[in-house]
Amino acid sequence: MGRKGKKEKKGRGAEKTAAKMEKKVSKRSRKEEEDLEALIAHFQSLDARKTQVTETPCSPPCPRSTGGPSGRSGHRMVAWKRLLILFGGFHESTRDYIYYSDVYAFSLDTFTWSKLSPSGPGPTPRSGCLMSVTPQGSIAIYGGYSKQRVKKDVDRGTQHSDMFLLKSEEGGEGKWMWTRINPSGIKPTLRSGFSVAVAPNHQVLLFGGVCDEEEEESLEGMFFNDLYFYDAIRNRWFAGQLKGPKSEKKKRRRGKAEACENTSEQEQGVANSPEPLEVVKEVVDEDGTVVTIKQVLAAPSLAAGPPPEDEDGTLEPSRAPVEPCPRSNAMLAVKHGLLYVYGGMFEAGDRQVTLSDLYCLDLHKMEEWKTLVEMDPKTQEWLEETDSEEDSSSGEGAEGGDEDQDVDSGESGEEEEGCHG
């Protein structure tokens with residue numbers, strides 16, 4: 001009886017211990033669940049703060065552009081509708097250079113750049129080309145210059161003469177297409193460094209430039225001062241020919257009646273025709289270099305007959321035609337049908353001469369150039385250069401205006417070809 005009671009007490013004690021343990025485990029589990037829920041809620045609140053949008057009033061951002069062309073020079077740009085279209089150019093560093101043929105558009109509404117990818121074969125990389133909007137809404141590209149390395153430390157330049165049209169495809173917004181064209185007429189001779197403007201009749205005007213003749217160790221340039229026009233409607237080039245002043249026209253009319261009478265006299269006078277007049281001057285450059293310059297004035301033509309007469313019967317004196325000196329990189333502007341040509345440069349041997357003269361031409365009349373700002377004597381032909389240290393007496397004679405100074409100054413005695421004023 002006693003043993004049985006002890007066994008029953010032992011069984012009830014084990015049950016109580018198990019119940020207590022179960023209660024503790026349950027309590028601990030509930031606490032862990034509560035802690036986990038609190039931790040999850042904490043992280044959720046942190047995530048909510050990160051994604052929360054807060055509006056703060058501020059001034060609008062300034063206009064900016066992204067994805068535009070890389071830094072370059074020699075590129076060309078025109079305005080087309082609400083876009084600025086940029087083409088070509090080059091970038092040169094101390095070690096290398098690169099020429100571009102890419103096309104970018106800058107929106108005047110969003111102030112952002114976008115790169116265009118026209119279809120069809122387009123121009124090769126180049127700089128300094130003609131770029132102008134045609135009356136039909138296309139963009140004309142003509143000529144330009146590029147160079148490539150043929151071997152170490154030797155570059156070879158290329159003056160381009162091909163022509164392309166960049167057209168916006170109909171029905172395809174943002175789609176463009178290249179088309180190569182071959183205009184008829186009298187095309188400009190091969191050159192670079194020409195200047196471009198738009199004439200009053202929407203024709204593209206091209207002036208001046210230089211044609212470089214390159215050898216491995218030398219570079220010589222032939223400079224121009226002629227005019228060419230491109231008619232996009234007829235797809236035709238033609239040279240700009242001056243008609244001469246009105247007095248010349250009157251002289252031609254009067255000369256018809258006198259032509260037969262003067263024919264024999266003109267034939268006899270051909271052998272004794274006057275030669276062009278040379279005006280030789282000497283100037284001292286800023287660095288003390290004595291420069292002998294020459295201006296060649298055309299002689300009056302015998303075939304033109306006698307000088308014209310005014311209404312009162314007096315004879316008008318003949319004068320040499322006025323025109324800009326051959327040059328490259330001049331600046332052009334057209335206002336009220338008048339073409340203005342300012343500055344530019346030309347080379348005389350190893351020297352570069354920067355011009356500061358200003359000329360004007362009436363594009364409606366196409367009669368003659370007018371000088372608005374006189375040319376400095378240094379911008380005429382440079383025959384030779386003499387170092388003042390080697391020939392100080394030549395420098396003194398030039399400063400004093402000595403007309404007896406010998407034209408052939410310097411040791412080499414070789415003439416350097418330059419620009420005829």
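Predicted model: local features only at pLDDT ≥ 70, side-chain atom pairs only at ≥ 80, totals over all residues.
Local features require pLDDT of at least 70 and side-chain atom pairs count only at pLDDT 80 or more, whereas totals for chains, interfaces and linings use all residues. Residues are numbered from 1 along each chain as its sequence is written, and side-chain values use heavy atoms, with hydrogens and water left out.

Helices (H or I, at least four residues) and strands (E, at least two) are DSSP runs, numbered from the N terminus. Two strands pair if DSSP finds at least two bridges between them. Strand β1 (residues 76-80) pairs with strand β2 (residues 83-92) over five bridges, in the antiparallel sense. Within this pairing, M77 stands opposite L86 in β2. The two strands form a hairpin with two residues between them. K81 lies in the turn and has a positive phi of about 55°.

The structure holds 14 aromatic pairs. Rings of Phe, Tyr and Trp (its six-membered ring) pair if their centres lie within 6.5 Å; planes under 30 degrees apart count as stacked, over 60 as edge-to-face and the rest as tilted. One of these pairs is F87 with W178: the centres are 5.8 Å apart and the planes stand at 70°, so the geometry is edge-to-face. F87 belongs to strand β2 and W178 to strand β8 (residues 176-181), so the pair ties together parts that are 91 residues apart in sequence. Both F87 and W178 are buried (under 20% relative accessible area; exposed is over 50%, partly exposed in between; 1.4 Å probe, protein chains only). Separately, Y104, F106, F111 and W113 form one aromatic cluster.

Charges also sit over rings (NZ of Lys or CZ of Arg within 6 Å of the ring centre and within 35 degrees of the ring normal). The charged end of R72 sits over the ring of Y100, 3.9 Å from its centre. That of K147 sits over the ring of Y97, at 4.8 Å from the centre.

S138 is found in the loop between β5 (130-133) and β6 (139-151). Its relative accessibility is 8%, so S138 counts as buried. Leaving out residues up to four places away in sequence, S138 touches S132, V133, L165, L166 and K167 (heavy atoms within 4.5 Å). E347 is found in strand β17 (residues 338-348). E347 is partly exposed, at a relative accessible area of 24%. E347 and V210 are 137 residues apart in sequence and 9.8 Å apart in space, C-alpha to C-alpha.
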